[in-house]
Structure formats: C-alpha cells, structure tokens
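Here is a short briefing on one protein model.

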Amino acid sequence: MEYHYKDKYSSEFSIVDVSETELDINSFSQNCYKIVWAKGDEVTFDVDGYLVSLKKDQLLFVSPLNKLDLQVAHKEVVVYSFNREFYCIRDHDAEVSCNGFLFLGSAKPIIVDLTEKEKKSFILLYDFFVEEFEEKDHIHGEMLLVLLKRLLIKSVRIARKLLPKQDMPDSKLDIIRKFNLLVETHFREKHKVSEYAELLNISPKSLSNTFLRYYNKPPLKLISERVCLEAERLIRYSDKSVSEIAYMLGFSETSHFSKFFKKHTGHSPREYKAIGIIE
C-alpha cells in the first residue's frame, strides 16, 4: 500500500508498506528525510555505498544528505518519507529534539531496536496514519503532521537508550546534538575541538568532559570519523585526485591527509581506492 500527501506549497509526506507492493526508493524525492521500519522482515540495502542489514523490529533514520538505495518487494517493510516543506526538523527542533540526534546529516545513520511493547505502539500509530489518509478533509495535512511529530518523539525516546548514559540531562544532550550539527556543517574546514567549543560558547575542556561523562567517545574522534567518512565516499565515488580531496577536506598538504587517512583506515587513499574497485 502507498499513501502520498502533497499540497500547493510543495509539502510532501508518504508512507509505503512494501508488504503488498514493490518499492524503488530512487523514485522518491531525494530531498526527503526517511524512516525505514523493518516491521516483519529483515532487509538489506545500500546507504552511502555501504551495505546495511536492517533486522526485524529495527528502525533506520536517514537525512536528505544520505544516499539511500532501497529496492524491495513484498516484504513487511514500511518507509516514512517527508520533506522540509512538510516538517522542518531544524526550524522546529524544540518540538521533537531529533535534529543532530536521529538525523545526523550525511554521517552514518543510526539504527534502533523496538521492544515488543514499542512495536505494538508503532503498529497502532501506523494504523492512525492509514486512517487519516482515508479521511482527506481540509485538516488532513495538519493531522498527518501531528502524527509525524508523535512518531519522531517516540523515536527519540527509544534512541536515547543507545546513549552510554541514559540518564543524560537534556542540557547535555543538547550540547551533543549541537556539536553533531556543527561538525556536519564545518568538518571540511574545522578539525579541532577548540574550534567547535568556541562555536558552542563553552571551553574545550567542558566540551571534552561532557563527551567523556555521557558519550564515552571524545569529540575529536567524532570529528575525525566524519572527515574520514567523507574521504572514503569521495575516494570511492568521485573522480577527484587525492590532492583535490585533501584540499576539499581542509588539509594544507596531501601528505598530511594521506597520513590521517591511513591512521584511521589502515590503507593509503590509493590502496583504499584499489580495494573499492576490487570489491
């Protein structure tokens, strides 16, 4: 079953239940946030050139910057899709607190597991969506938006269980979310913790201590991982030279970039390119 909503302001919201149809995600708008729910079947697909296996009762969250290649038919998989015109998570961040947490820009998307109780709640919410799509009255779009917010809030609550410290105060989670968003915006030119601390108006020590206490991963590692992920994508899928990639990612010398890349992947950029071709 497929349900689609679009208004005169180019707002788009869709739900596709693949159990009774075929889905080629490439036919969807690329400028949409997507939530993939393996409702009853495991499914394997490609996200940014990497294979992802989504097990039964798992959810995956991808942003418009992620390249999702999902082609599947007659499996119990549900895909929610919405664009910024329908609901801008950045402008309404205070409502659902998912920006920089559920949706991490083009960084690796997160996967969450549903308990049996949570699954029943998501099934009930899905039924509410279907019921609303069958109404088609003048408040149809507003009701779908209310349900989407509920879906996102539930997802945030579940995703918080992935945090090393589930009792994390909201103020600390906000720092981590803002840091993630800043890294997504500036990782090509800012590689130091102090640069992000300045943008957050806190000291580098306070920022590092927050991550040490609540995230079990230092902020510098997150910055390096994001730079390295982008390097891997460019090496695999672009025709740019190593020196061009180094420049794009803020390295003044190609040798510095090559050393950085080998430290994090175990391969030089040229070795990595060769491995990718072989695979």
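Two strands pair if DSSP finds at least two bridges between them. Helices (H or I, at least four residues) and strands (E, at least two) are DSSP runs, numbered from the N terminus. This is a predicted model, with pLDDT of at least 70 required for local features and 80 or more for side-chain atom pairs, while totals for chains, interfaces and linings use all residues. Residues are numbered from 1 along each chain as its sequence is written, and side-chain values use heavy atoms, without hydrogens and water.

**Sheet**
- Six strands form an open sheet, ordered β1-β2-β10-β4-β7-β11, with antiparallel pairing.
- β1 (2-6) and β11 (111-113) are the edges; each has a single partner strand, so one side of each lacks a neighbour in the sheet.
- β1 and β2 (residues 12-17) run antiparallel, joined by 5 bridges.
- Lys-6 stands opposite Glu-12 in β2.

**Helices**
- Axes are lines fitted to C-alpha atoms, for helices over the stretch in contact (heavy atoms within 4.5 Å); angles run from 0 to 180 degrees between N-to-C directions.
- Helix α2 (residues 116-133) lies across β1, β2, β4 (32-38), β7 (58-62), β10 (78-83) and β11, at about 120° to β2.
- α5 (residues 193-200) packs on α6 (residues 204-214) at about 100°, with axes 8 Å apart.
- That makes α5 roughly perpendicular to α6 (65 to 115 degrees).
- Val-193, Ser-194, Tyr-196, Ala-197 and Leu-200 in α5 meet Pro-204, Leu-207 and Ser-208 in α6.

Note on methods. Angles under 35 degrees count as roughly parallel, over 145 as roughly antiparallel, 65 to 115 as roughly perpendicular and the rest as oblique.
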